[in-house]
Amino acid sequence: MRYLPLTPEDRAEMMARAGIEGVDELFADVPPGKLLGDLPDLPPAKSEIEVERLMGRLAARNVAAGAVPFFCGAGAYRHHVPASVDHLIQRSEFLTSYTPYQPEIAQGTLHYLFEFQTQVALLTGMEVANASMYDGSTAAAEAVLMAHRITRRRKAVLAGNLHPHYRDTIATLSRMAGDELVVAPPAPSDAERLAALIDDETACVVVQTPDVFGHLHDLHTIAAAAHANGVLVIAVVTEAVSFGLVSPPGAMGADIVVAEGQSLGNGLNFGGPYVGLFATRQKFVRQMPGRLAGETVDADGRRGFVLTLSAREQHIRREKATSNICTNSGLCALAFTIHLTLLGETGLRRLAELNHAGAVELADRLAAIPGVSVLNHTFFNEFTVKLPKPAAGVVEALAARGVLGGVPYSRLDPGHPELADLLIVAATETATAEDRAAFVAALTDLLAGGEGA
Amino acid sequence: MLNRQGRPTDIGEPTEAIPETFTGNRALIIEEPLIFESGRPEVTGVDLPEAPKVAHRLGALARSAPIGLPGLSEPEAMRHYVRLSQKNFGIDSGMFPLGSCTMKHNPRLGEKMARLAGFADIHPLQPLSTVPGALELMERLAQALLELTGMQAVALTPKAGAHGELCGMMAIKAALEARGEGQRKVVLVPNSAHGTNPATAALLGFQVSPLAARDDGTVDPAEVVDQLTPDVAAIMLTNPNTCGLFERDVVQIAELIHQAGGLVYADGANFNAIVGKVRPGDLGVDAMHINLHKTFSTPHGGGGPGAGPVVLSETLAPFAPVPFLRRDGGRLTLVEHESGEGVSPFGRMSAFHGQMGMFVRALAYILSHGADGLKQASEDAVLSANYIKASLADVMSLPFPDRPAMHEVLFDDSWLEDTGVTTLDIAKVLIDEGFHPMTVYFPLVVHGAMLIEPTESESKASLDLFIATLRDIAMSVRRGDTARFAGAPHFAPRRRLDETRAARTPVLRWTRPVVE
């Protein structure tokens, strides 16, 4: 077996040193009858070429986004990632290192985490950020728990335009933790009245911008209403590239900003691994979940970085910890920070402008198709169209024509049959003018009753 | 003496002190500024076309103020991150015997497979009809996990070990509530458990009741009996435990818990010791998370991403969260919302379907090893730990000498008593010797713990060098050679860092220095 360096002779010598004649003597504490006699029912070892063949066949059965005109979003976005990003994250010393518990030999990780935290704070308009979370949805669920800790109240109000899977993730954790939730109904035409749902039991209100339908939200009004009642505002962002062009939640009164960072540096990967961004105000830092890198000096007085404020964490505090989380999404955070460093302010802004321009053009062209309307007045690179028939069937028919034409709202939230005609469409810089034209043509034809409709 | 190129061949007298350099750099170790000090907002390392002018649809929400993000050109960025990487120790750098964390070789085949466009470039919400190969990959992984654990169902979506714990304990809570036994609030957790166990239980509103270990480092069934009230919901048992010992009474403990109406959660952090040797499902376990990154060696990546699928017993299987795979007469599909048909999912763990990238790597690892290789890997890991134990037993102190170690061996600091040398000093001296330290000060059940997990990836020569190094360190301790320990590490990119200062006055981000 190519991964195992010990030879039979080595094993014999080692057993002699350990004073045993067979390795099963080391499993003597396994209760009688529980040590397996037979091998597991799995195939025998395969060479690299055999594994590649098998995996290659499985991969080939999927339609890769890059192979077709592609417009899916709803929480995961296809962007171009510079080649150097993937090269750098595969550097052994990044890829095969551990959580930086021994800072003297982990300055590489700690240094980039400190830069990452600063970039995230700047993007979101907040004071501090942590070293990342599993993904945007789990970050949102953790933010709600954090708001309960800070306010000592147990009720959360969720906007109806929050991504339904984020809503469900938050709801699962909240219910299991014994907290109360108030969930507004979805408002695809963008008319939410969240302030009315706030009362003096409310810990936080969770809003998303751009929301799941693509609408952008000015948070000033809800923040004022929330803060007047001692309620925290949690802002969710699922498309990190939007920070390049859209006013950040931190500038509009958000107390905690959580975001999905997949868009920068990270591929679609069928939903994971991704990277959650988590930012807040300095005064709440000791209630934050997750890892934090901080600056300090070494014995020679040189600047260095360490994991800090670990008194919040489970390995110190055990059942009194702020969270049970014991990792971040380190390598995905590295990909994020490298991509953002390559872009810089100028590149991020230009990337965001490209996304917006492509989406605007597509929205206008889709709106011109008979029977199709665009619901959004505002959006970044994603918007919602209303179709004359259920979106799920349309998306399947589009796929049959070689176009991955967005995400039906009903895929996310089948509990609202009245919204089954809604299709969420994202257009990033990876969708070319030809791709957009192909989408428009396919949808036009399909709705006109063309072949295969 | 000059050589043929006219260069002097005499290396000169050794100097006492390492001279300062003008740059602060030391040969391959190059000081690197923060990007905020070296980068500029107008620099970009990505060429993008100007966007066409359109009437924007941002309403009043167009960003007005600059962000303040620095940019680096591609060559500058390459150097920045390569130089940072050179200040990190990884499993490819050398032995990384970090007990309980399982740092073993990361096959690059997994990286290559995970980057196939058919896995890396598919969207979690594109039509399921366009991703049958992805679903089949998930099913194959699920089947392998069930075969290796002897369990009934698997929830693939948890994103890390601690997330898996949360999933397993939520399934337990849901099952108890469905039985009308939501009043069961107590979770028994041995003192040797990872901190995530009590933190998880507490997060879900359970009351944590600690279990002391008996003298041999394992859980005593008599202690379990003493704590078995009608309020007990579950036990969270790590097996092999964090002392590196197999819980020899696990079957009896599971029976006791089940008889009392509770359920058994197993922390699978150490499953890598017993893959192909013992099936948790045969021991009475109801739920166990599997750290794919540890057991099936997906890279730790400097602290994630991991993956924490949870295997479930027949009792808990109906409560598995969405999404899950289902076969309907030969057709494989992903159930994202519905319940019904005897299932009542407790909810959803995250936005999408789990850590696909890690599933690909883990399956590549499983297929590469095969049934025979997986078993051999477990045996080699256990043998290597016992080889270290036997080779150091006379110079270091073993709190639990009499039971065989599993894949990791635990030492305490009683051999350091009255020497002025601490467990932390040993860790830092190992850094100078070119090793990553072992896990220190965990588990909490022994004083000054040193937990060594060599894994199956080390050659005998590598193990022998590690053993010889620790024996030499032990001799230094005995000789009172404290200079070796004081201020170690001496040769790392940084000397010991002031963690107290970092926590007392937290500096968690760069801010522009005030210019006088």
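## Terms and basis of the model

Helices (H or I, at least four residues) and strands (E, at least two) are DSSP runs, numbered from the N terminus. In this scheme Pro240(B) belongs to the loop between strand E4 (232-238) and helix H9 (250-259) of chain B.

This is a predicted model, in which local features need pLDDT of at least 70 and side-chain atom pairs count only at pLDDT 80 or more, while totals for chains, interfaces and linings use all residues. Residues are numbered from 1 along each chain as its sequence is written, chains are lettered from A and ligands numbered from 1 in the order in which they are written, and side-chain values use heavy atoms, with hydrogens and water left out.

## The interface between chain A and chain B

The size of an interface is often given as the accessible area lost when the parts come together. Here the buried area, which is the accessible area (1.4 Å probe) that two parts lose on being put together, summed over both, is about 17300 Å² between chain A and chain B, and carbon and sulfur atoms give 63% of that area. Counting contact as heavy atoms within 4.5 Å, 193 residues of chain A and 208 residues of chain B take part.

A salt bridge is a side-chain nitrogen of Lys or Arg within 4 Å of a carboxyl oxygen of Asp or Glu, and 16 salt bridges are found across the interface of chain A and chain B. One of them joins the side chains of Arg303(A) and Glu37(B), at 2.8 Å from N to O. On the side of chain A that touches chain B, helix H10 (residues 330-367) of chain A gives the largest share, 24 residues. That side consists of 99 nonpolar, 53 polar and 41 charged residues, where Ala, Val, Leu, Ile, Met, Phe, Trp, Tyr, Cys and Pro count as nonpolar, Asp, Glu, Lys and Arg as charged, and the others, Gly among them, as polar.

## Cavities

On a 1 Å grid over the protein atoms alone, a cavity is a set of points where a 1.4 Å probe fits but cannot get out, and a pocket is an open set with protein on both sides within 12 Å along at least five of seven lines; lining residues have an atom within 4 Å of a point. Grid points are joined across faces, edges and corners, and a volume is the space filled by probe spheres set on the points.

The structure holds 13 cavities of 30 Å³ or more, and the largest cavity has a volume of about 130 Å³. Among its 15 lining residues, Thr138(A), Leu173(A), His163(B), Leu166(B) and Met349(B) lie nearest its centre. Helix H6 (161-178) of chain B, H6(B), gives the most to this lining, with 4 residues, and by class the lining has 8 nonpolar, 5 polar and 2 charged residues. The second largest cavity, of about 100 Å³, is lined by residues of chain B that include Leu237(B), Asn239(B) and Phe271(B), and its lining has 10 nonpolar residues, 1 polar and no charged.

## The second largest pocket

The second largest pocket has a volume of about 700 Å³. It is lined by 35 residues, of which Asp86(A), Gly265(A), Asn266(A), Gly267(A) and Ala120(B) are the closest to its centre. H3(A) provides the largest share of this lining, 4 residues, and the classes are 17 nonpolar, 12 polar and 6 charged.

Over all chains the count comes to 50 salt bridges. In one of them, Arg281(A) pairs with Asp255(A), the closest N and O atoms being 3.0 Å apart. Arg281(A) lies in the loop between strands E7 (276-280) and E8 (293-297) of chain A, and Asp255(A) in the loop between strands E5 (232-237) and E6 (256-260) of that chain, so the pair ties together parts that are 26 residues apart in sequence.

Most residues other than glycine have a negative phi, and most peptide bonds are trans. The bond from Asn239(B) to Pro240(B), however, is cis, with omega near -5°, and the bond from Gly304(B) to Pro305(B) is cis, with omega near 0°. Arg152(A) has a positive phi, near 55°, and lies in the loop between H6 and strand E2 (155-158) of chain A.
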